[in-house]
Amino acid sequence: MEGVGVLFARPLLCFCGFINEMRNSSVSVILRFLAVVFLATGTSAPAMDQYEQRARALFVEAVVAPESSQSLLLENLVGSAHPCLEPFLQGWQREQIFIYQSPEGSKIPILKVEENQSVRILRVDTGEELKEASGSLAAWNPEWKAVETNSKIRRSLKNTIDLLALGSSSPSDRAAAALKLGLKQSPASLPVLESRLSQETNPSAKAAFLDAIALVSLNSENPDQRTSALQRLGESASLPARDAIKRLADDSTQPPQVSRAAREALQTIDTRIFWIDFFGTVFRGISLGSVLLIVALGLAITFGLMGVINMAHGEIMIVGGYATFVVQCVFGNGLAFAPFGLSMNIPGFGFDPSSAIYQSYFLVALPVAFLSAAATGYVLERGVIRFLYRRPLESLLATWGASLVMQQLFRLIFGPANVPVASPEWINGSLNVEGVLMNYNRLFVIVFAAAVVFGTSLLLTKTPLGLLIRAVMQDRSMAGCMGVPTTKVNTLTFSFGCGLAGLAGAFLSQIGNIGPGTGQTYIVDAFMVVVLGGVGSLTGTVLSALGIGTLDQILQTTLRNPVIGKVLVLAGLIVFLQFKPSGLFSAKSRNLEES
Amino acid sequence: MKSQISKRELVLGLVAAFGLIVVIPGLNAFTPESSPLHVSNFSINLWGQYLCLAIVAVGLDLLWGYTGLISLGQMLFFSLGGYALGMHLMLKIGRLGQYKSDLPDFMVFLGYPKLPAHWVPFAEFWFSALAVVWVPGLVALLFGYLAFRSRIRGVYFSILTQALTYAACLLFFRNELTLGGNNGFTDFKTLLGFQLADPATQRSLYIASAIALIAAYVFCRWLTLTKFGKVQRAVRDSENRVLFSGYAAANYKLFVFVAAAIISGVAGALYVPQTGIINPSQMEPSKSLEAIVWVAVGGRGTLIGPILGALGVNSLKSWATQAMPAYWPLLLGGLFMIVVIFAPRGIVGLGNQVGALLQRRKSEKTEDPAP
């Protein structure tokens, strides 16, 4: 159904285009006004409110107008831009807007939408599909002429599209669009911003509109307005405004009160930038430290508590990573692989990658990773380590042999390349706290590490198994004399430590790569954490992991060189051990061999 | 441990030395290629490299077998020696490089205007040769001083040495170090004016490696016979008792650590002109662990064991990486695990171990006969 007004307006608009061609602008303006009034009073279209109608009419007018006045007419859309125009504006950018000559002789702008194989033809004025007089859908006619663009029109189109975002339904999009507009510092956008501000209800978007208005006012003729705009920007410590404020501060022609305000605003903003950088670095440091912590925790159990140097720890961690990969494949379309030249196929459930079940695969992967790594640890303990409890140096060597074997097995089973593990969507994205961006997956690792540490310490201190573990750690032979089944406890403890490593691997698969050699990159760091923290101390492990992680990040950002940072951390560690040879927290012992 | 060298050992040693230094190169130089006794140029080069690795193994055994210190960073010192000589070899390429420049190719490639100051003295062979000794020695002295002073021992010492070589590896991968980044040095042309591609030069390098190996062996053997060697073994067996007896165990350990580093450095310097390349991957922690495998497989605590281990494992490696490259790491890892668990004294100790086992069986049988 078309509104009566629209029926009248169309020939009127065409006529106005005709008049425009004669460069009689005053007549054109009056006619346009009439057309708009007709449109505004046409009320019968059910799905179209008056704003939308007005916007469509103005757009139609711009399309049919002669080229010279098109960009001017597009600028007029500022303020009445409506989201419904977006596909048409973009269509014009791509030169997909055509003019359809109706049998009655009127010009109707249409948008060509190519979908797969078919072509849909949409009328700009109604947004509906173009119909023949008979009521059937019109077929595409290659002779229809596209509405051309030039650089000026494209610029106007882009401006208008940017403006459209001001009316977006998401507050953060509105805020971003307002700041984008403000940064252009064009006085023409001031009325739009102010009218939008009056409608705005969301506080953060409101602040962005105020900032944008202040940014535009920085170019104002009136020094008082400039000063108050600077004060506003200083108060909100707006980061995007820094360049504009710097220009004012450096401009010696400005009156003194303006330059003073500019300098003050600049200082506030720089202080804020400093703190944002600082907290960003600390946050990244803590999250890196948490990764190290999960990796090192398993090691702290096997090395710290049991005195077993497990060089295969990194590989056991990667078992967890590969387990995550396999679970992901099973949730998806299955996994085809060829270990040792045999071809194998694990059938999958075939869930759609966007479905909620597929997205939750990671929750299933966590226990699977824990169990598979613990099982690997069990085999390693029973097959290798139990022979070597009295020879710690040799357990180091034998487990290195095991790590070599495991790496090659990964290579033979999963191939030499890294395997792709997709993160569930719910841990993508980031949280913005006062300008400090926190990635959800980094936040997740911090929470995860805290939970794992808490769980481990509960296990060690509050359960019967924990009691037995600690007894065996303190004195294996004495515990044996008291009837503790030491070999069983050893196996369980070692498996548990390996299970923790598997959890670390599952997590690493979300933030890094999983490949046959990945374990090697973490193993040295993990050993450093345990040695620094003090062997056998969970508190020490936590502190040293967070400390090494943060220090590493701070050195990396200040030196801008990751390698030198790493080397300095290692050198610092060696120097530190000069003063505290047994780490931050070490169990006090009178045993000479343990001191 | 006998305190004297037996006549049998002396004779066997002299025969082995004669074979390595005179017979094998002689067979290479003076027999026709068709002869069944002929040793090819390829074999001479390969065995020259193995001998260099055996030198590292001897040094490592002095540390591990006799002092109880496992260094997981021995190949760092090897590489440092190699780099020190490599710098000299790079400068001697002269204008024969790809870019026809006085600067080494990688410097041209990275846009260096002139030779960095610390490179200049390496144009002299004597300076480079001295650096082969003092650079690894100094690094070992500094690290060892810090480590032993704070009584870092056992597994902690091992892990720290591994961290040391890991850090150095990361550092050497950087171009800023002006040592060729990840490509390292290669494409050498001459050494002391001799063409490296010439079989005679390679033969001489082989002979030099053999002499160095025998010198390292003799030095270590001599050391174990002295009072120093006794203290050394006492440190291995019970460091605290040594301390309580008034010996500065740290000094003994430091001396051995530095000596082993220098031995490795010399081996590296001999190795580089024979392989024709040195790059940071030589410092990767896994390379040093491979050196540990040679000693473990051969038998630590004897000086001949590590030599046999290095030669044997490396020949096995050369064969296996050709015949079944995918399974070589499985073989190496598996072999190592089995040796560590079941034959802690290596191949050399295997005879004794089996003998002891048989002895026990026999005595069990005689003591309580089956009812």
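Reply: We can begin with one strand pair. In this predicted model, β1(A) and strand β2 (residues 107-115) of chain A run antiparallel and are joined by five bridges.

Me: Which residue of β2(A) is the bridge partner of A:Gln101?
Reply: β1(A) covers residues 97-101, and β2(A) covers residues 107-115. The two strands form a hairpin with five residues between them. The bridge partner of A:Gln101 in β2(A) is A:Lys107.

Me: Which residue in the turn of that hairpin has a positive phi?
Reply: The turn belongs to the hairpin formed by β1(A) and β2(A). In that turn, a positive phi of about 100 degrees is found at A:Gly105.

Me: How many bridges join β1(A) to β4(A)?
Reply: β1(A) and β4(A) run antiparallel. A:Phe98 has A:Ala146 of β4(A) as its bridge partner. A:Ile99 is partnered in β4(A) by A:Lys145. The number of bridges joining β1(A) to β4(A) is two.

Me: In what order do the strands of this open sheet lie?
Reply: Strands of a sheet pair through backbone hydrogen bonds, either parallel or antiparallel. Here the pairing is antiparallel, and four strands of chain A take part. Their order is β3-β2-β1-β4.

Me: Which strands stand at the edges, and why is one side of each left without a neighbour?
Reply: A strand at the edge of this sheet has a single partner strand, so one side of it is left without a neighbour in the sheet. The strands in that position in chain A are β3 (118-123) and β4 (145-146).

Me: Why do the buried residues of α5(A) lie on the same side of the helix?
Reply: Helix α5 of chain A spans residues 86-93, and its buried residues are A:Phe88, A:Leu89, A:Gly91 and A:Trp92. They lie on the same side of α5(A) because the arc they cover around the axis is only 160 degrees.

Me: How far apart are the centres of domain 2 and domain 3 of chain A?
Reply: Chain A is divided into domain 1 (4-161), domain 2 (168-254) and domain 3 (294-520). Taken over C-alpha atoms, the centres of domain 2 and domain 3 are separated by 51 Å.

Me: Which element gives the most to the side of chain A that touches chain B?
Reply: In the contact between the chains, 31 residues of chain A meet 34 residues of chain B. The elements of chain A that give two or more residues to this side are α16 (392-414), α21 (518-533) and α23 (562-579). With 14 residues, the one that gives the most is α16(A).

Me: What radius of gyration does chain B have, and why does it agree with a compact globule?
Reply: Chain B has 14 helices and four strands, and its C-alpha atoms fill a box of roughly 85 × 60 × 40 Å along the principal axes. A compact globule with 371 residues would have a radius of gyration near 21 Å, so the value for chain B agrees: 22 Å.

Terms used
Residues numbered from 1 in each chain as written. Chains lettered and ligands numbered in written order. Predicted model: local features only at pLDDT ≥ 70, side-chain atom pairs only at ≥ 80, totals over all residues. Domains from an automatic or database assignment. Contact = placed C-beta atoms within 7 Å. Pairing = 2+ DSSP bridges. Buried ≥ 20, exposed ≤ 12 C-beta atoms within 10 Å, placed from the backbone. Arc of directions from axis to C-beta. Rg over C-alpha atoms; globule rule 2.2 N^0.38 Å.
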